[in-house]
Amino acid sequence: MESELIKSDFDLTSFNTLALPSRAQYFCKAIDQETLMQALLFAKHRGLAISIVASGSNVVLPEKISGLVINPGMQGIVRKGNRLRVAAGVLWDHLVRESIYTSGLFGLENLSGIPGTVGAAPIQNIGAYGIEVADRFKALSAIDLRTLEQHRFDTDTCQFGYRSSIFKKALTDQFIIIEVELALGSQPVPCLDYVELEQQVGPQKLQDYPRAIRDAVLQLRQQKLPDPRHRPNVGSFFKNPVISVSEYDALVAELGSIPGHSEGDTWKVSAAWLIDQLDFKGHRVGGAQVSNQHALVIENVGGASFSDILTLTREVQTAVQENYRIALEPEPVFFNPSRQI
Ligand SMILES: Cc1cc2nc3c(=O)[nH]c(=O)nc-3n(C[C@H](O)[C@H](O)[C@H](O)COP(=O)(O)OP(=O)(O)OC[C@H]3O[C@@H](n4cnc5c(N)ncnc54)[C@H](O)[C@@H]3O)c2cc1C
């Protein structure tokens with residue numbers, strides 16, 4: 001069945017930044033809420049599973065996805081005082097730029113340059129350079145994929161954590177986010193907790209900080225991370241593991257120093273350092289390779305499949321577990337291959 005709205009056997013290779021070959025049984029780009037409701041009804045009447053792929057910068061897609069894949073394309077930014085209500089399909093970095101240059105609102109500058117859409121930002125509570133979306137979050141609207149009813153979630157109900165929210169836990173795959181509301185500031189409050197960012201920004205007049213921070217963050221990101229357009233990847237592939245002080249102390253006593261930072265009664269350890277210590281840079285399974293540039297990044301260096309990425313992921317996890325007794329958790333969402341056609 002093919003229509004203006006719903007495409008069948010749709011190629012998703014250019015809809016994921018790992019450039020994995022993947023085909024959706026059905027696909028719909030939901031450019032507004034009306035299109036979205038029509039697509040949801042299409043799936044409901046046929047008993048089809050619904051998956052969401054936005055910019056595909058944090059997913060590992062299998063070769064085939066059964067059911068309907070929805071690509072949220074809703075656009076629009078509405079300002080009310082210091083708050084912005086932003087449609088799910090707006091690109092995150094477009095929002096950051098607009099907030100600084102058009103709205104004159106501040107607080108998102110440290111999150112410059114993160115790929116993806118606004119609707120996906122709360123899913124893993126995106127973060128960088130000392131700020132997470134939860135720090136600027138007010139509420140979101142989402143549609144329950146089972147009942148098609150609209151719900152509002154505030155900060156508490158989203159249960160934000162480190163690269164986590166309720167949408168990656170109890171409510172996995174149950175809601176489609178259609179709008180996010182952020183609370184920003186009319187006066188800059190620079191966050192320069194990262195020494196390298198502080199050095200890059202240098203001293204500024206208060207009003208100049210947001211633009212200077214944005215420029216510096218964009219530059220640092222460009223220097224550090226391989227560009228998915230040339231080296232297909234999903235950014236950091238593993239979360240930095242959080243371990244107890246006693247586990248950390250035991251490892252340091254055994255192995256010497258381990259980079260990380262203390263967070264109350266836990267330590268957040270550098271996953272990149274652990275992987276690098278085990279000489280994984282350049283290690284390859286099929287077309288999947290641990291980046292030579294950054295140990296935390298897995299690249300598709302040509303012809304990688306879902307199973308290449310999965311095997312490499314497991315090899316890294318096993319080696320880190322055996323050598324450091326630390327469980328590494330992947331950051332991107334692996335789509336369930338059992339949903340394959
Ligand atoms: C080069 C590079 C650098 C990156 N740097 C960072 C970084 O610094 N910090 C960081 O946190 N992340 C980073 N990421 C990861 C990624 O950019 C974010 O996770 C982003 O929010 C994903 O957005 P997306 O639109 O691509 O979502 P997708 O990858 O399409 O989807 C991700 C997940 O969210 C779900 N989803 C997407 N949209 C919706 C919606 N509207 N409603 C419900 N569910 C939805 C999908 O089903 C999937 O489970 C980076 C990625 C790359 C490639």
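## Ligand shell

The ligand is surrounded by 32 residues, where near means a C-beta atom, placed from the backbone, within 6 Å. A54, S55, G116, G119 and G235 are the closest. This is a predicted model: local features need pLDDT of at least 70, side-chain atom pairs count only at pLDDT 80 or more, and totals for chains, interfaces and linings use all residues. Residues are numbered from 1 along each chain as its sequence is written.

The shell holds 20 nonpolar, 12 polar and no charged residues. Ala, Val, Leu, Ile, Met, Phe, Trp, Tyr, Cys and Pro count as nonpolar; Asp, Glu, Lys and Arg as charged; the others, Gly among them, as polar. β8 (127-128), β12 (175-183) and β13 (233-236) supply at least two shell residues each. Strands are DSSP runs (E, at least two residues) and helices likewise (H or I, at least four), numbered from the N terminus.

## Open sheet

Three strands make an open, antiparallel sheet, ordered β14-β16-β15. Pairing requires at least two DSSP bridges between strands. β14 (242-244) and β15 (260-263) are the edges; each has a single partner strand, so one side of each lacks a neighbour in the sheet. Neighbouring strands are turned by 30° on average, direction ignored. Axes are lines fitted to C-alpha atoms, for helices over the stretch in contact; angles run from 0 to 180 degrees between N-to-C directions.

## Hairpin and helix

β15 pairs with β16 (266-269) over 4 bridges, antiparallel. S262 has W267 as its bridge partner. E263 stands opposite T266. The hairpin leaves 2 residues between the strands, and G264 in the turn has a positive phi of about 65°.

Helix α6 (245-255) lies across β14 and β16, at about 90° to β14. Contact means C-beta atoms, placed from the backbone, within 7 Å.

Definitions and conventions. Contact = placed C-beta atoms within 7 Å.
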